Amino acid sequence: MFRDKNFTALLLTLALHAGVWLLVSDHQFKNASPAETPQSAEKTAEKIVFLELIPPPRQPLADPAPTTTPPTTPITAPPPDTALASPAPPPSPDRPRASQAAPPPPTAEEWAFAANYTNKNSKGYRYSWGQQVRSMMGTAVEGPDQGLVRFRIEIAPDGRLTQLQTLWTTSPVAEQLARQAIQNMPPLPPTPTGKPLIFDKTISFSPFANDGPPLYRDDCLPEPPVFRNPFAWDGKSPQVVAAPTPTAPLDPQALADCLRQLPKDSVEAESASDQRLMDQWGSNKTGR
């Protein structure tokens, strides 16, 4: 009897759950929408409508209200400052410009020595010739007219000038004064060797020039070899490192003749040589 009641209750429970499930499933099936086919999608796309927005016509703008411009006043320059308009005071005078008087011309004794000194391409004659030219150029004053001029000179055996060529110059005034002095030079003695004398000479027309007499004590020494770049090469010939060629010493007779002509160097020549060395190497003892 008890088993029959349990079985009946189980059947009723199963039947109740089955009924509820059927009701719920039927409700979902009714509400679910069928899948959209490609044909229905194409029909939906064909129903798209494009709208074009046309702006309204423009309305004419109203004329702006006239604006009144304020009266312009002419711009006048401010009155000049009396302190600026007045002329500047004259500058203070500069330091006095340096000057150097022309040296005295060579004396008769100096020309006599120069006319007989044959060493170093008539070194004494060449110095006396330059001193004679400089003595006739006048006083050199510091300024734009000072400068240097270098000539190539050829003097005939009788002392006449046969060639004068300007190699370079740093002052046209110096060149002009030198040429005038050369044209007005007094007759010169014959050359020491009795042959034409050709040399280059620089005339310094400057208040800072130091053209003292040269030194003669080393004139009998052999000439130092002329420097030539031992590694110079023309790119074609075989490369050979050239050694400097030493200068051959004088033979005894020529050495004796040279020593016989050497004068005794003066104090002025020693001082001029020292000054030239200090100027050449930029010593601060010269004050320049």
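**Salt bridges in a predicted model**

The count comes to six salt bridges, a salt bridge being a side-chain nitrogen of Lys or Arg within 4 Å of a carboxyl oxygen of Asp or Glu. Side chains of opposite charge can pair when their charged atoms come close. This is a predicted model, where local features need pLDDT of at least 70 and side-chain atom pairs count only at pLDDT 80 or more, while totals for chains, interfaces and linings use all residues. Residues are numbered from 1 along each chain as its sequence is written, and side-chain values use heavy atoms, with hydrogens and water left out.

**Lys-120 and Glu-223**

- Lys-120 pairs with Glu-223 in a salt bridge, with 2.4 Å between the closest N and O atoms.
- The two sit 103 residues apart and link distant parts of the chain: Lys-120 is in helix α5 (residues 119–135), and Glu-223 is in the loop between β5 (197–205) and α7 (252–261).
- Helices (H or I, at least four residues) and strands (E, at least two) are DSSP runs, numbered from the N terminus.
- Lys-120 is partly exposed, at 25% relative accessible area.
- Glu-223 is also partly exposed, at 42%.
- Buried means under 20% relative accessible area, exposed over 50%, and partly exposed in between (1.4 Å probe, protein chains only).

**Lys-123 and Asp-219**

- Lys-123 forms a salt bridge with Asp-219, their closest N and O atoms lying 3.1 Å apart.
- Lys-123 lies in helix α5 and Asp-219 in the loop between β5 and α7, so this pair ties together parts 96 residues apart in sequence.
- Lys-123 counts as buried, at 19% relative accessibility.
- Asp-219 counts as buried at 8%.

**Asp-158 and Arg-160**

- Asp-158 forms a salt bridge with Arg-160, and 2.7 Å separates the closest N and O atoms.
- Asp-158 is partly exposed, with 40% relative accessibility.
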